Amino acid sequence: MAIDSVRCMTTEIEAGVAPAAALFHSLSDETRLRIVQRLACGEARVVDLTGELGLAQSTVSKHLACLRDCGLVDYRSEGRQSFYALSRPELIDLLETAEQVLAATGRAVALCPTYGTAAAETAGAER
């Protein structure tokens, strides 16, 4: 697949870099990504997410708030319960495309000294 050089230089693409970086930053946290992946399967309550993902209620709520602020997740109330779901179905396509890129590169990004798996483990050990 060749990249269209004209498309790479448009003002619209350049103007969209910061919002695109913000989108990917919102998905760069492992917990938020796990929540998004789970919500791709259907809506869930906080209690469902805490049980399925093995996370504390406060952690799930904090990350859901972040995802809501980014416009990626929304909720509906039913009585005293809130059911969370992806607000943008395109997000599922983005995740599927990311999986294809990871498969095509042999998951080489995991070896990246800055953002890879080992770098994340080192950063966690330093905290």
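1. Basis. This is a predicted model: local features need pLDDT of at least 70, side-chain atom pairs count only at pLDDT 80 or more, and totals for chains, interfaces and linings use all residues. Residues are numbered from 1 along each chain as its sequence is written, and side-chain values use heavy atoms, with hydrogens and water left out.

2. Buried face of helix 4. Helix 4 spans residues 30-39. Helices here are DSSP runs (H or I, at least four residues) and strands are runs of E (at least two), numbered from the N terminus. T31, R32, I35, V36, R38 and L39 are buried in helix 4; buried means under 20% relative accessible area, exposed over 50%, partly exposed in between (1.4 Å probe, protein chains only). Seen down the helix axis, these buried residues fall within an arc of 160°, so they line one face of helix 4. The arc is taken from the directions from the helix axis to the C-beta atoms.

3. Packing partners. The buried residues of helix 4 pack against helix 3 (17-27), helix 5 (46-53), helix 6 (57-69) and helix 7 (90-104). They also pack against strand 1 (73-78) and strand 2 (81-86). Contact means heavy atoms within 4.5 Å.

4. Start of helix 4. A side-chain oxygen of D29 comes to within 2.9 Å of the backbone nitrogen of T31.

5. Helix 4 against helix 5. Their axes come within 11 Å and cross at roughly 110°. Axes are lines fitted to C-alpha atoms, for helices over the stretch in contact, with angles from 0 to 180 degrees between N-to-C directions. Helix 4 is therefore roughly perpendicular to helix 5, a class that runs from 65 to 115 degrees. In this pairing, R34, I35, R38 and L39 of helix 4 meet L49, E52 and L53 of helix 5.

6. R38. This helix 4 residue counts as buried, at 18% relative accessibility. The R38 side chain reaches the backbone oxygen of G42 at 2.7 Å. Leaving out residues up to four places away in sequence, R38 touches E43, A44, L49 and E52.

7. T50 and V47. Both lie in helix 5. T50 counts as buried at 17% relative accessibility. V47 is exposed, with a relative accessible area of 52%. T50 touches L55, A56, Q57 and V60, not counting residues up to four places away in sequence. The C-alpha atoms of V47 and S61 are separated by 9.8 Å, with the two residues 14 apart along the chain.

Conventions. Polar contact = N/O pair within 3.5 Å; in protein donor to acceptor, adjacent residues only side chain to side chain. Parallel < 35°, antiparallel > 145°, perpendicular 65-115°, else oblique.
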